[in-house]
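Welcome, and thanks for taking a look at this one with me.

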Amino acid sequence: MCPSVCGILVEIDDERVVAVHGDRDNPFSGGYTCPKGRALPLIHHHPDRLERPMMHDGGQLTETSWEACLDDLGARLRDIIAEHGPAAVAVNFGTGIGMDAAGYRVAEALHRAIGTPAKFSPLTIDGTAKVLVAELMGGSAALTGRPDYENAELVILIGSNPVVSHGHTVCMPNPRGLFRDVAARAQLWVVDPRRTETARLATRHLAPRPGTDYAVLAFLVREILRDGADPSVAVQDLDVLVSAVEPFTREHAATLADVAPDALDDLLAAIRTAGHIAIDTGTGVTMSASGNVTQWLSWALLILTGSMNTPGGEWFHPGYGYQLEMFELPIAPPEGKSRPGPPSRPDTRAFMREWPCAALPDEIEAGNIRALLNLGGSLLTGFPATDALRAALPKLDVLATTEILPTETTALSTHVLPTKGQLERPDVTLWDFMSTRISAQHTPAVMAPVGDRRSMWWVLAELGARLGHDVADTAMTDERMVAKFNAGGRTSYDDLVATGWAQADRELPAAWIQRHVERLGGWRLAPRVLVDQLNGLNHTAGPVLIPRRQLRRVNAQLQYLGEQPEVLVNPDDAAAAGIADEQKLVVRTEHGEITGIAKLDSAVRSGVVSVPHAHVGANVNLLTSKDDLDPATGMTRYSGVPVSLHPA
Ligand SMILES: Nc1nc2c(c(=O)[nH]1)N[C@H]1C(S)=C(S)[C@@H](COP(=O)(O)OP(=O)(O)OC[C@H]3O[C@@H](n4cnc5c(=O)[nH]c(N)nc54)[C@H](O)[C@@H]3O)O[C@H]1N2
Ligand SMILES: Nc1nc2c(c(=O)[nH]1)N[C@H]1C(S)=C(S)[C@@H](COP(=O)(O)OP(=O)(O)OC[C@H]3O[C@@H](n4cnc5c(=O)[nH]c(N)nc54)[C@H](O)[C@@H]3O)O[C@H]1N2
Ligand SMILES: [Mo]
């Protein structure tokens with residue numbers, strides 16, 4: 001269900017999945033589970049689950065055979081490619097394919113074989129800032145820094161709520177246990193406009209105005225520089241950084257962020273005392289207009305305090321399968337590697353060879369994209385500007401969706417391809433970089449596939465064959481296919497299957513990072529792109545929207561566990577707008593409006609409205625824009641969008 005990959009035991013009674021229990025013998029999760037994993041029986045036995053391929057026939061989705069469905073889809077794609085070229089076929093790598101290792105690898109192979117630049121994924125709706133900053137400051141997007149929680153004396157968590165989310169790009173089982181431990185022996189500062197479930201476990205909580213975290217960090221960097229920082233590693237462009245942060249005095253930063261100057265003094269004192277510090281950021285940072293700048297200054301603070309690649313600071317994941325320590329990472333130029341964006345959106349960039357999700361409606365309307373392979377994506381809830389997308393999707397000649405459950409998006413699809421769910425396929429850890437350890441796990445399939453479901457990799461390989469591409473041998477078994485792509489580069493696949501998990505030791509400081517930074521010529525402290533963005537930032541005064549995850553959901557998934565689209569509003573703001581607790585309210589932006597349920601909550605700072613995403617009835621993406629994008633990467637702004645509140 002999620003990249004924390006907690007070890008579970010699935011209790012099965014004949015054909016029924018009875019329950020999911022935490023596996024106490026699992027060395028990573030030790031028996032921990034959360035409501036998402038425990039919902040697997042409900043997902044598997046969902047009354048509406050997709051069991052057979054469907055095709056649009058006379059305006060209606062009708063069940064058909066795999067042969068007929070794939071033949072028709074293949075023929076239509078061939079025609080589109082023949083007439084308009086491969087760029088007319090787009091591929092979306094949604095969250096639903098993100099836990100299917102063999103499916104994901106074959107999707108990558110098919111995407112390469114088709115040769116289309118039109119690739120979409122949650123990258124540009126979840127957060128590009130971390131990758132961009134790694135590339136610009138560290139010369140490689142493959143550098144994924146994360147706190148050394150075991151040894152840290154001071155952890156600063158900015159715009160992430162792991163107690164609910166289990167983390168963003170660093171995914172942990174049992175976050176409550178982890179943060180209780182950290183707070184018991186070290187300082188844990190949580191920076192969030194809402195006093196979150198995680199903030200309640202922290203030693204301190206700081207609630208700046210959304211999108212102003214960078215000002216707090218700029219102040220800290222400025223003061224650490226004035227202390228005469230000696231990072232003990234090579235750096236570049238120190239003087240540029242010095243002048244970039246110079247305006248961020250205590251008073252200026254406190255005013256911008258609307259926090260008490262004393263709180264800034266306390267945080268600065270904590271950093272001076274700890275020496276080395278650890279920082280992690282989440283979607284509260286990456287979804288904001290200042291996300292790149294905030295991420296940059298957080299790295300600058302880490303570098304200047306000598307905390308990179310240091311015990312008690314940050315460590316860099318080498319990957320279990322990738323084994324980055326074996327390679328010389330290619331070094332990106334100081335201006336990064338982004339390219340021109342899609343033709344209908346010259347205002348955007350293609351970042352990491354992906355197009356901005358926000359550009360999809362315009363690309364369809366312009367006739368550039370005529371077919372979309374949507375692999376495990378809930379387009380109408382995840383992508384921004386739902387109205388524009390809803391108008392554009394029916395103009396596609398082909399919308400083929402691989403899914404396990406019906407969604408608003410499958411209802412609009414020309415082809416619906418039911419693939420094996422989590423319990424029906426063998427699998428290995430795909431996103432080992434997200435793990436808190438250098439590890440891999442394997443699971444066998446525990447249930448026979450329901451109905452006529454097939455493996456994602458098989459479906460895509462069959463489709464590839466119909467387009468004249470040999471992307472995988474469809475005669476292979478699932479196990480052999482998974483073995484082929486297994487993340488067990490440090491161990492044999494057979495050993496991984498036998499034990500279920502494998503782990504490598506962590507080296508800290510890691511020699512491969514030291515070598516890399518030497519080849520880089522020192523950390524780049526002040527990339528031009530980021531300095532320019534800092535100088536261009538401005539703020540609106542009124543209330544703004546911020547995003548929030550919910551415990552018993554994964555984005556649009558698990559809605560049947562009953563989480564409501566509760567809109568958290570500060571009681572003073574609610575009173576001013578005439579809104580009462582538990583009553584319906586309207587949240588409006590210049591793009592649209594939604595009706596949700598008001599929850600008056602003094603844990604949310606004034607001027608902030610916290611709205612969960614991916615609810616079909618109260619879809620927050622009716623409020624977001626396809627044009628409000630980060631110019632460097634095409635990331636949609638999901639946090640800090642100006643709103644007004646009204647009684648319903
Ligand atoms: N306004 C706003 N918008 C947001 C966000 C926000 O905070 N605010 N969050 C953004 C983020 S961080 C993300 S990652 C995106 C997520 O958006 P999406 O990538 O669309 O992800 P989900 O909503 O999780 O939908 C995943 C789909 O995959 C299906 N699925 C699950 N398991 C499988 C499987 O094994 N096989 C197949 N074939 N399908 C499967 C599920 O039924 C579901 O329909 O949304 C983004 N959109
Ligand atoms: N239960 C559950 N778990 C999930 C998901 C889910 O839907 N449900 N989704 C998964 C996905 S796809 C992702 S990407 C991760 C995301 O994981 P996280 O990034 O941890 O996501 P959130 O829990 O929404 O925490 C983001 C926090 O940022 C705060 N915030 C908003 N704007 C700002 C700002 O400008 N500055 C600061 N400092 N804070 C701000 C919000 O108040 C919120 O508490 O979670 C994953 N895990
Ligand atoms: Mo995400």
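1. A word on terms before we start: the domain bounds used here come from an automatic or database domain assignment. Please also keep in mind that this is a predicted model.

2. With that in hand, here is the layout. The assignment divides the protein into domain 1 (8-44), domain 2 (73-116 + 348-428 + 439-503), domain 3 (137-320 + 509-535) and domain 4 (540-647). Taken over C-alpha atoms, the centres of domain 2 and domain 3 are 35 Å apart. Domain 2 puts 10 residues into the contact between these two, and domain 3 puts in 4 residues.

3. Which of the 30 residues around ligand 1 come nearest? They are Thr95, Ser378, Gly382, Glu403 and Gln557. Sorted by class, the shell holds 10 nonpolar, 15 polar and 5 charged residues.

4. A nitrogen atom of ligand 1 lies 3.0 Å from a polar side-chain atom of Asn621. An oxygen atom of the ligand is 3.0 Å from a side-chain N or O atom of Arg549, and a polar backbone atom of Gly376 is 3.3 Å from an oxygen atom of ligand 1. On its own, ligand 1 has 930 Å² of accessible area, and the protein covers 96% of this.

5. Next, have a look at helix H6 (residues 129-138). Why can H6 be called largely enclosed by the rest of the structure? Because 10 of its 10 residues are buried, where buried means under 20% relative accessible area. Among the buried residues are Lys130 and Glu135, along with Val131, Leu132 and Met137. Just after H6, Gly139 adopts a positive phi of about 75 degrees.

6. My last stop is Pro612, which belongs to strand E27 (residues 608-612). Is Pro612 buried or exposed? Its relative accessibility is 1%, so Pro612 counts as buried. Leaving aside residues up to four places away in sequence, Pro612 touches Arg548, Gln550, Gln564, Pro565, Glu566 and Val620.

Notes. Residues numbered from 1 in each chain as written. Chains lettered and ligands numbered in written order. Predicted model: local features only at pLDDT ≥ 70, side-chain atom pairs only at ≥ 80, totals over all residues. Heavy atoms only, no water. Near = heavy atom within 4 Å. Polar contact = N/O pair within 3.5 Å; in protein donor to acceptor, adjacent residues only side chain to side chain. Areas by Shrake-Rupley, 256 points an atom, 1.4 Å probe, with all protein chains shown as cover. Nonpolar A, V, L, I, M, F, W, Y, C, P; charged D, E, K, R; others polar. Buried < 20%, exposed > 50% of the residue type's maximum accessible area, 1.4 Å probe, protein only. Helix = DSSP H or I, 4+ residues; strand = E, 2+ residues; numbered from the N terminus. Contact = heavy atoms within 4.5 Å.
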